[in-house]
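Thank you all for making the time this morning. I would like to take you through one model, slowly, and to say as I go what each term stands for.

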Amino acid sequence: IITLGFSVYGNSLKNQFVWDDDVLIKENSYIKNWAHIPQVFSEDTGMGSKKTYHSYRPLQLITYMVDYSLWKMNVKGYHLTNIILHILVASCVYYFILVLFKDNIFSTLTACLFVVHPIHTEVVTYISGRADSLAALFMLLTLIFYIKSLSSRRISAYLLMVGSYTLALLSRESSLILPA
């Protein structure tokens, strides 16, 4: 899964910042200073650039803060983070299918198809599409921990489920649909 993910999306490391990346990353003063954490959690996603996006995605901005701390404005680092997130989502797909069907071959094939499928190109290669990967990652973890909490009846699985769902909600608004 890891090898496939890097072989398919490794070429995106050569890409530049595009479209919303200017507002969410290049012009965003909030991601350049950790002192802005309170604003990240209390304001619109674009307010660090004095733009209104009508979205609430603090976890996405925190990942940009981490990227900025590591890479400054080196776009390759931001693309690398997106590739790694996509591979993590594919790994969760593997584990989710394994938990459901208890079939390693089926889980592997499903995760491999997921990691290379061209429908994910925009989410992986477009840095501002990161919210989708974050939401998918934490929604899948929520489902995995939900299934685990049903079978084990352990409070830790339940707490991990609630924590994962909270992170999904902080990643993208569409995560609200998960309980339904």
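This is a predicted model: local features need pLDDT of at least 70, side-chain atom pairs count only at pLDDT 80 or more; totals for chains, interfaces and linings use all residues.

Residues are numbered from 1 along each chain as its sequence is written, and side-chain values use heavy atoms, with hydrogens and water left out.

Let us look at helix 5, residues 75–101, and helix 6, residues 104–116, which pack with their axes 8 Å apart and at an angle of about 150 degrees; helices here are DSSP runs of H or I with at least four residues, numbered from the N terminus, and axes are lines fitted to C-alpha atoms over the stretch in contact, with angles running from 0 to 180 degrees between N-to-C directions. The two helices are therefore roughly antiparallel, a word kept for angles over 145 degrees. The contact residues divide into twelve nonpolar, five polar and no charged, where Ala, Val, Leu, Ile, Met, Phe, Trp, Tyr, Cys and Pro count as nonpolar, Asp, Glu, Lys and Arg as charged, and the others, Gly among them, as polar.

Now to the cysteines: how many disulfides does the structure hold? There are zero, a disulfide being a pair of cysteine sulfur atoms within 2.5 Å. For Cys 92, the closest cysteine sulfur is that of Cys 112, and because 15 Å lies between them, they are too far apart for a bond. Cys 92 counts as buried at 9% relative accessibility, and Cys 112 is buried too, at 18%; buried means under 20% relative accessible area, with a 1.4 Å probe and protein chains only.

Finally, the aspartates. Asp 67, in helix 4 (residues 58–71), is buried at 2% relative accessibility, and, leaving aside neighbours within four places in sequence, it is in contact with Lys 72, Gly 77, Tyr 78, Thr 81 and Arg 130. Asp 21 belongs to helix 2, residues 21–26, and is buried with a relative accessible area of 0%. Beyond residues up to four places away in sequence, Asp 21 touches Gln 16, Lys 26, Tyr 126, Ile 127 and Ser 128. Of these, Tyr 126 is 105 residues from Asp 21 along the chain, yet their C-alpha atoms are separated by 8.1 Å.

Technical notes. Angles under 35 degrees count as roughly parallel, over 145 as roughly antiparallel, 65 to 115 as roughly perpendicular and the rest as oblique. Buried means under 20% relative accessible area, exposed over 50%, partly exposed in between (1.4 Å probe, protein chains only). Contact means heavy atoms within 4.5 Å.
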